[in-house]
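Please look through the structure below with this briefing beside you. The points that follow are grouped by topic, so that each can be found in turn.

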Amino acid sequence: MTFLELLFLLLVGYYFIYVIFWLILDCNLGLWYTSYFGLSVSSMRGQVVWVTGASSGIGRALSLVFAKYGVRLVISARRENLLESLKKDCLERSNGLLSERDVLILPMDMLMVSVHEDCFESVLKHFGRLDVLVNNAGRSQRASWEEIAVQVDRDLFELDVFSVINLSRIVVRYFLKQAGGHGHIVVTSSIAGFCAVPFSATYCAAKSAINAYLNTLRMEHRNIDVTTFCPGPVATDFLQEAFTSEPEKKYGRSTANQKRMSAERCGALFAASIANKLDLAWCGLFPLMGNSTMNKIREGKL
Ligand SMILES: NC(=O)c1ccc[n+]([C@@H]2O[C@H](COP(=O)([O-])OP(=O)(O)OC[C@H]3O[C@@H](n4cnc5c(N)ncnc54)[C@H](OP(=O)(O)O)[C@@H]3O)[C@@H](O)[C@H]2O)c1
């Protein structure tokens, strides 16, 4: 066998194994490996992590994983009653690693950017520091491309992009000036931010935009860690809350009985990707195979 033939064989072997793993795993290979052999989430014990959109779904599941390993938490969203019950669950899950003071409930409407600075001051006043900001709050969309009102484009970008960037800038300035130039910014993006999916034009554009914003942050400040986490379909209240083509109208459907990754599994993978400061990670139950298959997957019909 010549050297070139051997090289070719190794290359084919590598891609074969890669595709096999891609088909059987529920996340990218790097994240899967890291979740078993990388740093445990317990390495973050004592750090302060701020999770937005913590009242339900992925943000709630992520907060519970952090609590289990003694990571101190700031939990934000609009529904204060759900944050109260999450705090109770976090303290229970921490099994004594966290005390009452270690979980701060910080109600906040992400859209009210004028209060972001004050909210951050409350975090510093309470904990004296912040190590990681997890920008998780967000809403999806179901709408035909040609029917979307421009006001919906604006509203979705306000929540999924501009509010995230505003809060991140406040925190990045703190990392640069008061935290020795170090810190960690995380965003819950989506596979839809990399690979267009039908009937979510504004959402795909918004998640692509957030990816681009964070990629440039990563280039400009090498000491600041940036994690872009991209779930595929996950079983949450996501479809209930999704934007449509008309302003103020929600999609209002449930994900019950759909084949989706559980929020708990997603939260565990998300926490592993943060603990290991992965630049980019994705998870989902299926490989993505083209438009119509992609749509069936996200509607839980495949
Ligand atoms: N589920 C999926 O299939 C999926 C897939 C890819 C990416 N994602 C991303 O995952 C993130 C979380 O979504 P999820 O699936 O967990 O859905 P979810 O259960 O509906 O959670 C959304 C969270 O965002 C918060 N939120 C919404 N509007 C807000 C606002 N104006 N101000 C503050 N908080 C607000 C909600 O809290 P309040 O209503 O209490 O304010 C809630 O805690 C989103 O960024 C989404 O794009 C989800």
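Predicted model: local features only at pLDDT ≥ 70, side-chain atom pairs only at ≥ 80, totals over all residues.

**Residues with a positive phi**

- Most residues other than glycine have a negative phi.
- E248, although it is not a glycine, has a positive phi of about 70°, and its place in the chain is the loop between α8 and β8 (261-262).
- F199 is also a residue other than glycine with a positive phi, in this case near 65°, and it belongs to the loop between β5 (183-188) and α7.
- F199 has a relative accessibility of 44% and therefore counts as partly exposed, since this class lies between the limits of 20% and 50%.

- L62 is part of helix α3, and it is buried, because its relative accessible area of 0% is under the 20% limit.
- Although L62 and F270 are 208 residues apart in sequence, they are 6.8 Å apart in space when the distance is taken from C-alpha to C-alpha.

**A nonpolar patch on the surface**

- A nonpolar patch on the surface is formed by L11, Y14, Y15, F16, I17, Y18, V19, I20, W22, L23 and I24, which together have about 1,100 Å² of accessible area.
- I20, one of the residues of this patch, sits in helix α1 (residues 3-24).
- The relative accessible area of I20 is 37%, so I20 is partly exposed, a class that lies between 20% and 50%.

**The largest pocket**

- The volume of the largest pocket is about 1,000 Å³, and 49 residues line this pocket, with A137, G138, R139, S140 and F238 lying nearest its centre.
- Sorted by class, the residues lining the largest pocket are 18 nonpolar, 15 polar and 16 charged.
- Several helices contribute to this lining, for α3 (57-68), α6 (150-178), α7 (201-220), α8 (238-241) and α10 (291-298) each supply at least two of its residues.
- Helix α3, which is among the helices that supply residues to the lining, is also the helix that holds L62.

Conventions:
Residues numbered from 1 in each chain as written. Heavy atoms only, no water. 1 Å grid on protein atoms, 1.4 Å probe; cavity = no way out; pocket = protein on both sides within 12 Å on 5 of 7 lines; lining within 4 Å. Points joined across faces, edges and corners; volume = space filled by probe spheres on them. Helix = DSSP H or I, 4+ residues; strand = E, 2+ residues; numbered from the N terminus. Nonpolar A, V, L, I, M, F, W, Y, C, P; charged D, E, K, R; others polar. Patch = residues over 30% accessible without salt bridge, like charges linked within 9 Å, V, L, I, M, F, W, Y side chains within 5 Å. Areas by Shrake-Rupley, 256 points an atom, 1.4 Å probe, with all protein chains shown as cover. Salt bridge = Lys/Arg side-chain N within 4 Å of Asp/Glu carboxyl O. Buried < 20%, exposed > 50% of the residue type's maximum accessible area, 1.4 Å probe, protein only.
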